[in-house]
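Dear colleague,

Please find the sequence and the structure below, handed over for your reference. A short account of what was found follows them.

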Amino acid sequence: MLKVAIILFLLAAVGGLIMALRIFKGRKPPAALAAIHGVVAATALVLVLLLVMGGGAPAALIYGAIILVVAALGGFFLLTFHLRGAAHPKAVVVLHAVLAVVGVGCLLVAAFA
C-alpha cells in the first residue's frame, strides 16, 4: 500500500508542477487539474495515514505522514485562492511543494530502507 501511495503522490506531483509553472507565469491553473491533483494527493495521504494508524510504522513513515498533512493544509490554503480567482501566493506554492517533496522523500526512505 505504501508503494501505491508513493506512485499516487508522484502522479500528483506532475500536476502540481504544471500548476506551479502556470502560477509563476502569472496564469491561473486549470480547475480540472487542481481538482485531480487534490483528489490524487488526498487519496495517497489517506493510504499513508491508514498505514501509520495500523501501528508498527517506521519513524520515516510517521514523519512523512506528518509533513504531508502540513503540505495538504497548504494545499487547502492555496485552493481558497483558486476558488476566489485570486493570485496564488508564490511563497506558499514553493513551501507546499518543498513540504510535499520532503514528505514523499520520507516515504521513499520508509519503503526502501
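Which helix gives the most to the lining of the largest pocket? The answer is H1, with 10 residues. Please bear in mind throughout that this is a predicted model.

**The largest pocket**

The volume of the largest pocket is about 940 Å³. Its lining consists of 36 residues, and those closest to the centre of the pocket are Gly16, Met19, His37, Gly75 and His96. The elements that give two or more residues to this lining are helix H1 (2-24), helix H2 (31-53), helix H3 (59-84) and helix H4 (90-112). By class, the lining residues comprise 29 nonpolar, seven polar and no charged.

**How the helices pack**

Two packed helices are described by the angle between their axes and the distance between the axes.

H1 and H2 have axes 8 Å apart, and they pack at an angle of about 155°. An angle over 145 degrees counts as roughly antiparallel, and H1 is therefore roughly antiparallel to H2. H1 passes H2 in a left-handed crossing. On the H1 side, the residues that meet H2 include Leu8, Gly15, Gly16 and Met19, while those of H2 include His37, Val40, Thr43 and Leu47. This contact of H1 with H2 has 18 nonpolar, four polar and no charged residues.

For H3 and H4, the packing angle is about 155° and the axes are 8 Å apart, which makes H3 roughly antiparallel to H4. Their crossing is left-handed. Among the residues of H3 that meet H4 are Tyr63, Gly64, Gly74, Gly75 and Phe77, and the partners in H4 include His96, Leu99, Gly103 and Cys106. The contact of H3 with H4 counts 19 nonpolar, five polar and no charged residues.

Finally, the axes of H1 and H4 come within 11 Å and cross at roughly 160°. These two helices are therefore roughly antiparallel to each other, and H1 passes H4 in a left-handed crossing. The contact involves, among others, Leu2, Lys3, Ile6 and Phe24 of H1 together with Lys90, Val104, Leu108 and Phe112 of H4. By class, the contact of H1 with H4 has 15 nonpolar, no polar and two charged residues.

With kind regards

Conventions: Residues are numbered from 1 along each chain as its sequence is written. This is a predicted model: local features need pLDDT of at least 70, side-chain atom pairs count only at pLDDT 80 or more; totals for chains, interfaces and linings use all residues. Side-chain values use heavy atoms; hydrogens and water are left out. On a 1 Å grid over the protein atoms alone, a cavity is a set of points where a 1.4 Å probe fits but cannot get out, and a pocket is an open set with protein on both sides within 12 Å along at least five of seven lines; lining residues have an atom within 4 Å of a point. Grid points are joined across faces, edges and corners, and a volume is the space filled by probe spheres set on the points. Helices (H or I, at least four residues) and strands (E, at least two) are DSSP runs, numbered from the N terminus. Ala, Val, Leu, Ile, Met, Phe, Trp, Tyr, Cys and Pro count as nonpolar, Asp, Glu, Lys and Arg as charged, and the others, Gly among them, as polar. Axes are lines fitted to C-alpha atoms, for helices over the stretch in contact, and angles run from 0 to 180 degrees between N-to-C directions. Angles under 35 degrees count as roughly parallel, over 145 as roughly antiparallel, 65 to 115 as roughly perpendicular and the rest as oblique. A crossing is left-handed if the near helix is turned anticlockwise from the far one by less than a right angle, and right-handed if clockwise. Contact means heavy atoms within 4.5 Å.
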